[in-house]
Amino acid sequence: MLSANKNKKLWEVDFMAKVNIRPLSDRVVVKPLPAEEVTKSGLVIPDTAKERPQQGEVIAVGPGRITDDGKKIPMEVKVGDKVLYGKYAGTEISIDGEEYLIMRESDILAIIE
């Protein structure tokens, strides 16, 4: 039986139980949001011409980075944040047919509010 911490959301606990992945240090797991299939003018973009998405949702967050003098630097992003990241940031992984990216917090450019 899985018990949820008061600070964790139910879907975060479900993700961690289902995928069983916990990022280390200052790394985060991001699920890329689907790329636009239609332009603003209504043109349909074929699969071969689509660019990699550059925004996604944070699924899991590591505990934070430890400095050389032993101090822990807390993470600025949290689970559920929508973020922008560099086009070639992170390492692509596939778990149960779902695509995810594991990247350092410094690869994240901004939080979308």
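These are legends for several close-up views of a predicted model.

**View A. Asp81 sits in a loop and is tucked away from the surface.**
Start with D81, which you'll find in the loop between strand 4 (72–73) and strand 5. Is D81 buried or exposed? It counts as buried, because its relative accessibility is 9% and the cut-off for buried is under 20%. Skip its neighbours within four places in sequence, and D81 is in contact with G56, E57, V58, E76 and I111.

**View B. Lys78 and Asp81 meet in two ways.**
Stay with D81 and look at K78. The side chain of D81 reaches the backbone nitrogen of K78 at 2.9 Å. Side chains of opposite charge can pair when their charged atoms come close.

**View C. Arg104 and Asp26 join up in a salt bridge.**
How many salt bridges does a search of the whole structure find? The search turns up 4, and the one between the side chains of R104 and D26 is 2.7 Å, N to O. R104 lies in strand 7 (residues 98–104) and D26 in the loop between helix 1 (10–19) and strand 1 (27–32), so this pair ties together parts that are 78 residues apart in sequence. R104 is partly exposed, with a relative accessible area of 35%, while D26 counts as buried at 7%.

**View D. Glu98 and Lys31 make another salt bridge.**
In this one, the side chains of E98 and K31 meet at 2.5 Å, N to O. E98 belongs to strand 7 and K31 to strand 1, so the pair links distant parts of the chain, 67 residues apart. How open are the two partners? E98 counts as partly exposed, at 35% relative accessibility. K31 is partly exposed too, with a relative accessible area of 28%.

**View E. Tyr88 is out in the open, in a loop.**
Last stop: Y88, found in the loop between strand 5 (82–85) and strand 6 (91–95). Y88 is exposed because its relative accessible area is 67%, and exposed means over 50%. Which residue is 34 residues away from Y88 along the chain, with its C-alpha atom 8.7 Å from that of Y88? That residue is Q54.

How values were computed: Residues numbered from 1 in each chain as written. Predicted model: local features only at pLDDT ≥ 70, side-chain atom pairs only at ≥ 80, totals over all residues. Heavy atoms only, no water. Helix = DSSP H or I, 4+ residues; strand = E, 2+ residues; numbered from the N terminus. Buried < 20%, exposed > 50% of the residue type's maximum accessible area, 1.4 Å probe, protein only. Polar contact = N/O pair within 3.5 Å; in protein donor to acceptor, adjacent residues only side chain to side chain. Contact = heavy atoms within 4.5 Å.
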